[in-house]
Amino acid sequence: MQFVPLVDIRSCGPRRLVHEYPQQAKELILASRKPIGMGSELIGRALIPLSDRVSRDWLLKTGNPYLEEIDHCADHLNMTGIHALNICFEWFCTSAVYAKDHGPTLTRVLDWMFPKLGENLIVADQSGAAGDFYNITWPGVSGMFQGLAPERFSASLNQAPMQCHGLTYFGDWLKNRKSVFQAGGLPPAHLLRRVFEEAKNYEDARERLSKTPVALPAIYILGGIREGEGCVIERTENDYAIRTIESDRVCASNQFETRLNAIGHGWRPRSINSAGRVHQARALPLAMIDDQFNWFKPPIANSHTRLAMMACAATGKLQVFGTHGVEQITEIFRLRT
């Protein structure tokens, strides 16, 4: 079983990953073209060049702080698709913060149809103005989807439900995509990275994740270092609602559970089984939330799962492994700072 590497990129950032792991970056781009079979791969090959140009134009128009980095990665790989990959938002997830005795503990399962995510997983030791942090990531990806900043906070990003407009599923999807390219906020994954780089503590991170404009709806899960520091932040482009720890946990999958759910024509929860996953996270005995991953079981684990993670900012402990569906395909990476 392969291991998950720890790579120090504090001096040069994510550019180093595409220099050291170019084949993994290329595999990820190729995999993004065929998530649902050969037909989608053929369509992807035809559309990726156009999508790449449109994506870069949008990043340029919105003044994205990571565009130069993404350009560098694209030039180094000499392969179309890196700009489109960096604003691709089709990530389904289940996350929670549990009030354990040693400190708020973030659990995280990331789901996506793309293959090659579990086996190409990297833990990047990264740095920003507020200090060092660990980014669980992939070569060629500039945004952050989950991470740990010891003695500050842990956090992850879930895809929000799809906003309904009274159209068909595909019609709603197209309208939402058009709205993304008309928006001026940061992609949610880029905001999460900026927060890890700049936020000094849990309160600062919660403020930034709540009030910074984003390009499309998102769900952030944030855990701190003190008792009661844990919340789910549901976001639209310019609005937010927060759910905090109740009793001993706060959980999220891919659906809104606050006043935001009543906006417009409502929202479609993301598959697979968003309601079932969050129900299971709420039902788990607190004693089961351990670093042996006894909590990693269906429906939280499902056919689209690509990684499972636990992180505690109070202790600096991080455990993560790659999966292909419910099957573990890497050793468990364990870190104690």
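Let's start with aspartate 204, which is buried at a relative accessible area of 19%. By buried I mean under 20% relative accessible area, while exposed is over 50% and partly exposed is in between, using a 1.4 Å probe and protein chains only. Aspartate 204 has a partner, arginine 208, and the two form a salt bridge whose closest N and O atoms are 2.9 Å apart. A salt bridge here is a side-chain nitrogen of Lys or Arg within 4 Å of a carboxyl oxygen of Asp or Glu. Arginine 208 counts as partly exposed, at 26% relative accessibility. Both sit in helix H8, residues 202-211, four residues apart, and that separates them by about one helical turn. Helices (H or I, at least four residues) and strands (E, at least two) are DSSP runs, numbered from the N terminus.

Before I go on, a word about the model. It is predicted, so local features need pLDDT of at least 70 and side-chain atom pairs count only at pLDDT 80 or more, while totals for chains, interfaces and linings use all residues. Residues are numbered from 1 along each chain as its sequence is written, and side-chain values use heavy atoms, with hydrogens and water left out.

How many salt bridges does a search of the whole structure find? The search gives 19. One of them joins the side chains of aspartate 125 and arginine 10, at 3.6 Å from N to O. Aspartate 125 is in strand S4 (122-128), and arginine 10 is in the loop between strand S1 (6-8) and helix H1 (15-20), so this pair ties together parts that are 115 residues apart in sequence. Aspartate 125 is buried at 11%, whereas arginine 10 is partly exposed at 40%. These two also belong to a network of salt bridges linking Asp8, Arg10, Asp125 and Asp132.

Now look at glutamate 257 and arginine 282, a salt bridge with its closest N and O atoms 2.5 Å apart. Glutamate 257 is in the loop between strands S12 (249-252) and S13 (267-268), and arginine 282 is in helix H9 (274-283), so the pair ties together parts 25 residues apart in sequence.

Last, the nonpolar cores. A nonpolar core is a set of buried Ala, Val, Leu, Ile, Met, Phe, Trp, Tyr and Cys residues joined through side-chain atoms within 4.5 Å. The largest has 75 residues, and Trp138, Tyr220 and Leu318 have the most contacts inside it. A second, separate core has 16 residues, among them Trp295 and Phe296.
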